[in-house]
Amino acid sequence: MAARIHGGAGAGAATALSTFNPKKLVAPSRTNLPAARSSKRCIVAGGGSDASKSLSVRHSQKLIASAAVATKAETSATTGTGHELLLFEALQEGLEEEMDRDPHVCVMGEDVGHYGGSYKVTKGLADKFGDLRVLDTPICENAFTGMGIGAAMTGLRPVIEGMNMGFLLLAFNQISNNCGMLHYTSGGQFTIPVVIRGPGGVGRQLGAEHSQRLESYFQSIPGIQMVACSTPYNAKGLMKAAIRSENPVILFEHVLLYNLKEKIPDEEYICNLEEAEMVRPGEHITILTYSRMRYHVMQAAKTLVNKGYDPEVIDIRSLKPFDLYTIGNSVKKTHRVLIVEECMRTGGIGASLTAAINENFHDYLDAPVMCLSSQDVPTPYAGTLEEWTVVQPAQIVTAVEQLCQ
Amino acid sequence: MATSFSATLPLHGSQENRLLLPPIRLAPPPSSFLGFTRSLTIPSSRRLYHAHAARRSPVVGVQEVVKEKKVTNSLVCILITKEEGLVLYEDMILGRSFEDMCAQMYYRGKMFGFVHLYNGQEAVSTGFIKLLTQSDSVVSTYRDHVHALSKGVSARAVMSELFGKVTGCCRGQGGSMHMFSKEHNMLGGFAFIGEGIPVATGAAFTSKYKREVLKQDCEDVTVAFFGDGTCNNGQFYECLNMAALYKLPIIFVVENNLWAIGMSHLRSTSDPEIWKKGPAFGMPGVHVDGMDVLKVREVAKEAVTRARRGEGPTLVECETYRFRGHSLADPDELRDAAEKAKYAARDPITALKKYLVENKLASEGELKTIEKKIDELVEEAVEFADASPQPGRSQLLENVFADPKGFGIGPDGRYRCEDPKFTQGTAQV
């Protein structure tokens, strides 16, 4: 917690992902927009009841397996409008728009104000909104998270930033006991519309304590929702949706993804908190992933396509609850599931997802669900060891080949 | 110590206010532990102690407040009117009767789990909370029944909650340690000690935010109650720091009853004078006799006024005592009988009664009427709770999420909460 993480650490992201070009990797947005689209209307990417419609529309297009990356159905990128930005700027844009929209939205965290956030997500906001709305807290995660919860109970909508998600371990008491539970123990009297966000995941040799995968620790807490963003598009959309939600939401960002670049729409949009994102439709196997591993999967997908496989890649986005509809439809189509995650093997998101798939879609499976998670080790410092801690594209290719025998 | 109340001036000299330990020093099995052998220095200053002269806030010592009143009332200094006195008396009687009834109901098997009773500490709750408005917030601990009652939550709602019935203030979902009321701004009710203090700090932050960002007229203050054991917990210090730093309208009230279950305050705390910890963070620290509701009320008035004026937080240490064990499961064998007797002699209700009668503010008959009225109220609360229904199965999942879409999308494409079987708890999740 004493270590100061500068925005520069994020610069490692660009090089980390240089093996595949982020610019080419256009994240297909899950849109199910009707044909006519007014630029003034706030667009919700992926509504619940329309989900089935959009899926059937997309599959009738019969994408050829030779395309490693799915072409987007229709987005602003193809129509020419929109603006390009980096993921951390997308988060900032989403946050700023929500703060403009509702004066009750405020930010609290370490170095979010004058410093602009250690990953620059809150850059410029303190100048615009003042020191009270963008509150620089002392280093006391438990207390300021609790303060955010108390503020939420009494009418504000705080966005609490953990400088690193690992630091939120110190706030676990407040997150588990108060954030998740108080709506219930108060008999529904108090709502806690907080957003708890921050970077996590394995970075570039940041050491064990700054490279934690905490999704699994929080997933059992009743009463909270967890989402993980992976592209500038869904980062902004999920940020806005999380702020507008009446439930407490934990938004997981990834240290290495902050410098991803993408063109996103000019018009306002939000992403649905409970929905998964179809990254690449396919026929042979369903690969479920989230956050940084999405990119490892897509890289492996290139190799797989060259080898003649047609993987369907879904970014589950919503870690709690799971979007069993999107996932189920995919399983029913491909009959094989591979989960690729950065979370710990034991009790991780993948473990829960495996259980959920087995419970709900057992009849549709031709092979056992395979789950590739990171090793159950504290992330080592040495570069080679760190590389072996997380799942690499080569392992994904091997796993697919094994499953598709 | 002599009875706190006297005919003329309830407040004795500053020496007594500063006396931090009861004259009978209670000793658990003899040890060489430093806390016992240390002698306490009684500060010579009569004023509220400030750490930094430069940051001296215009807080008036309790003595000054009293002196002012003395000037205006030339004959006899009475700190309360008759109406106020009766309100205070009724509130304390309500707290005492309610808690006594809880004990009865517990042993009859009507309520379960951990029940922590407030007998003996009524002066603190009444002294502070009766000065608050409905929009002010109160945050408490697991010993929260009386805080809820003082804040205005009906005895029926609290009793029903204890019985686990639907009509309880939290629909039966909270229980003894989680009393919440949005209407009365009772923000809980927390089972882990120290857990509520950050929440209270947040409520105070909202008041400041409303004033300074939303430009609303907001004078709401928050009062956080917690015990001596909590004062060794990190959350306490973190919040003292933030409250003073941001000048939040909050009052930290320490109900120092000297015992954290079986752990004596002296055995667990390097410096047992908790009020001193306020100035270390830049806020006034006050020590007050928590068995004397009038003294508590005077200090509370000053602290609340400070907070409303935007001058920031205050730490108030109330020396008090719980007549019963830590909870109804505690046999309370560790505390010395002599200590208990000493504090029983300082029962705040008896003291207030004596004060009211001796100063001709109320007659014995009027007070008896109040006691009878409260007895009936509490009995009616029990009848109401008894007659109320238990929660049904469908209530199980109802309040998990404010927005039930949080349960997610099921395999059929619909949100789970749209499935009627889901809320009934019969659907496969």
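Here is a short exchange on some helices and strands of chain A.

Mentor: This is a predicted model; local features need pLDDT of at least 70, side-chain atom pairs count only at pLDDT 80 or more, and totals for chains, interfaces and linings use all residues. Residues are numbered from 1 along each chain as written, chains are lettered from A and ligands numbered from 1 in written order, and side-chain values use heavy atoms, without hydrogens and water.

Trainee: What makes residues 87–101 of chain A a helix, and what span is expected?
Mentor: Helices are DSSP runs of H or I with at least four residues, strands runs of E with at least two, numbered from the N terminus. Helix 4 of chain A has 15 residues. The expected span is 1.5 Å times one less than the number of residues. That gives 21 Å, and helix 4 reaches 21 Å from first C-alpha to last.

Trainee: Which residues of helix 4 of chain A are called buried?
Mentor: Buried means under 20% relative accessible area, exposed over 50%, partly exposed in between (1.4 Å probe, protein chains only). Among those that qualify are A:L87, A:F88 and A:M99.

Trainee: What makes strand 11 and strand 16 of chain A edge strands?
Mentor: Two strands pair if DSSP finds at least two bridges between them. Strands 11-13-12-15-16 of chain A form an open, mixed sheet in that order. Strand 11 (277–280) and strand 16 (370–374) each pair on one side only, so they are the edges.

Trainee: How do you know that strand 15 and strand 16 of chain A pair?
Mentor: They share four bridges, in the parallel sense, and the definition asks for at least two, so they pair. A:V340 stands opposite A:L372 in strand 16.
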